[in-house]
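Here is a short report for a reader new to this structure. Please look over the sequence and the model before reading on.

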Amino acid sequence: MKRPAILLFAALASCFIFQPGDAEMNLKGSQAFNEIKAQMPIDRGARVNAYVNCIANAILQVAEDDTGVERWEVVVFRTDVVNAFAIPGGKIGVFTGLMNVARTPDQLAAVMGHEVAHVLQRHSAKQQGQASLMDTVVKGIAVATKDSQYSAEIAQASEIGAKYGLMLPYGRGQESEADLIGLTLMAKAGFDPRGAVELWQNMQAASGQQASLLTQFSSTHPANETRIDDLNEAMPDAFLYYQQAQAEGRKPNCRP
């Protein structure tokens, strides 16, 4: 075997050897989430928590999760930033500011389905080699949230995620994959998949505002127009899943 071929084989092998397993990633996610909860203000309002958990539970019931998580945890964080995230260990964080853009249960389900898809596809583990991007992400977050009431807490939470190798920018392919898997998840759960397109139309209208904290700053992120086109292309199949879910009685009654 020629030397270049050996080097290529070694490089490829190292990617698999050093990609963390589920147990390690779940532990990192749980540790990071505990620190984030200690640093960011939590909204304990009964109504908003019932609403967010209703959507999350409906999606998780149809998700095929083989990452070793027995029970997912959902926390609502009180901040005006528009975003949500999910990390290994079955941890979901939803920012109250997201409700200003994801205005319906279907639209919020699109966000949560997308974030859950990142975890199911183990995208965080695959991004462990992207540690060099951490400083850029954290600095971008700090600048973007300087006028936010909770800018310090949010920046600190982002640093926590970076410390554990989580919340790194996903690649364009991973984002597109999460969009489409999330679309399927929300539809199978009984949410109207057309809400996903409405969500990104809302995001597009909110451009120039704080449309997305943890992901918007990555240049690998697909443009809103691209996401909308891809979602519309996948809509016929997603709508069939939605109709089947409705016929089988999956009609989540999640009220904001």
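Which residue forms a salt bridge with Asp192? The partner is Arg194, with the closest N and O atoms 2.7 Å apart. A salt bridge here is a side-chain nitrogen of Lys or Arg within 4 Å of a carboxyl oxygen of Asp or Glu.

## Basis

This is a predicted model, where local features need pLDDT of at least 70, side-chain atom pairs count only at pLDDT 80 or more, and totals for chains, interfaces and linings use all residues. Residues are numbered from 1 along each chain as its sequence is written, and side-chain values use heavy atoms, leaving out hydrogens and water.

## The sheet and its helices

Three strands make an open sheet in the order 1-3-2, with mixed pairing. Strand 1 (73–77) and strand 2 (84–87) are the edge strands. Helices (H or I, at least four residues) and strands (E, at least two) are DSSP runs, numbered from the N terminus. Two strands pair if DSSP finds at least two bridges between them.

Strand 2 pairs with strand 3 (residues 91–95) in the antiparallel sense, over four bridges. Ala84 stands opposite Val94 in strand 3. Helix 2 (residues 22–39) lies across strand 1, strand 2 and strand 3, at about 30° to strand 1. Helix 3 (residues 46–62) packs on the sheet and touches strand 1 and strand 3. Angles run from 0 to 180 degrees between N-to-C directions, and axes are lines fitted to C-alpha atoms, for helices over the stretch in contact. Contact means heavy atoms within 4.5 Å.

## Nonpolar cores

The largest nonpolar core has 48 residues. Such a core is a set of buried Ala, Val, Leu, Ile, Met, Phe, Trp, Tyr and Cys residues joined through side-chain atoms within 4.5 Å. Buried means under 20% relative accessible area, exposed over 50%, partly exposed in between (1.4 Å probe, protein chains only).

Helix 3 gives this core its largest share, nine residues. Ile55 is among the members that touch the most others. Beyond its neighbours within four places in sequence, Ile55 contacts residues including Met112, Phe191 and Cys254. Another core, of 11 residues, lies apart and includes Phe33 and Phe77.

## Salt bridges

The whole structure holds nine salt bridges. In the pair from the opening, Asp192 is buried at 12% relative accessibility, whereas Arg194 is partly exposed at 42%.

Glu73 and Lys37 also meet in a salt bridge (2.7 Å, N to O). Glu73 lies in strand 1 and Lys37 in helix 2, so the pair ties together parts 36 residues apart in sequence. Asp22, Asp66 and Arg122 are linked in a network of salt bridges.
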